[in-house]
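Trainee: Please take me closely through a single part of this model, and then show how that part relates to what surrounds it.

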Amino acid sequence: MNRKAVVLVIALIAVVIVAVVLMRQNQTTGDTQTRAPLAQQQPVGPQQHASHPAAHIPAHFETMPSLTSLAPTLSPERFTGITRSAYQAAREIPQTLTQLPCYCHCDQSMGHKSLHSCFEDEHAASCAVCATEALTAYRLQKEQGLTPAQIRERIIAEYSRQ
């Protein structure tokens with residue numbers, strides 16, 4: 001083997017080791033706490049929405065589930081920049097995010113049940129739609145005092161046009 005190939009193999013092995021260590025650390029830090037299932041609640045969607053009949057509305061919950069029934073979101077400290085801010089927003093308004101559809105349509109591709117699901121794993125870290133929606137929801141709730149239902153209407157109106 002030439003020197004480049006050896007260096008490449010070593011780098012690849014190092015990446016795999018780091019990934020395994022991070023996954024194990026995640027399992028022991030509380031990011032994967034045990035939780036009660038969402039009691040008898042099923043997400044709504046995909047559906048058509050009364051005020052946007054031609055639009056496909058991704059899965060979400062219509063009513064606020066209890067905090068104890070929600071899976072924890074990943075720690076914002078694991079990320080940087082906008083991604084960190086989005087994961088922080090998810091930590092602060094988890095019940096609101098459960099009531100919002102995610103317009104990257106991960107309900108169909110990944111089985112997510114709402115925007116909150118995107119922050120239970122690293123999906124939102126690589127998805128601008130998830131991060132943008134969470135930050136928008138946070139701003140609308142904290143700065144404008146909107147309810148989750150009002151925020152949902154705004155999100156649907158915005159993303160149904162696209």
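Mentor: Accessible areas come from the Shrake-Rupley method with a 1.4 Å probe, and for residues only the protein chains shown count as cover. On that basis the accessible surface of the protein comes to about 9500 Å², with 57% of it belonging to carbon and sulfur atoms. This is a predicted model, in which local features need pLDDT of at least 70 and side-chain atom pairs count only at pLDDT 80 or more, while totals for chains, interfaces and linings use all residues. Residues are numbered from 1 along each chain as its sequence is written, and side-chain values use heavy atoms, without hydrogens and water.

The protein has six helices and two strands (DSSP runs numbered from the N terminus, H or I of at least four residues and E of at least two), arranged along the sequence as α-β-β-α-α-α-α-α. The part to examine is helix H6, residues 148-160, whose 13 residues reach 18 Å from first to last C-alpha, close to the 18 Å expected at 1.5 Å a residue (1.5 Å times one less than the number of residues). Its buried residues (under 20% relative accessible area; exposed is over 50%, partly exposed in between) are Pro148, Ile151, Arg152, Ile155, Ile156 and Tyr159. Seen down the axis of H6, these residues fall within an arc of 135° (taken from the directions from the axis to the C-beta atoms), so they line one face of the helix.

The side chain of Arg152 meets that of Glu62 in a salt bridge, at 3.4 Å from N to O (the cut-off is a Lys or Arg side-chain nitrogen within 4 Å of an Asp or Glu carboxyl oxygen). Glu62 lies in the loop between strand S2 (52-57) and H2, 90 residues from Arg152, and Glu62 is partly exposed at 37%.

The whole structure holds two salt bridges. In the Arg78–Glu122 pair, the closest N and O atoms are 2.5 Å apart; Arg78 lies in the loop between S2 and H2 and Glu122 in the loop between H4 and H5, so this pair ties together parts 44 residues apart in sequence.

Methods. Buried < 20%, exposed > 50% of the residue type's maximum accessible area, 1.4 Å probe, protein only.
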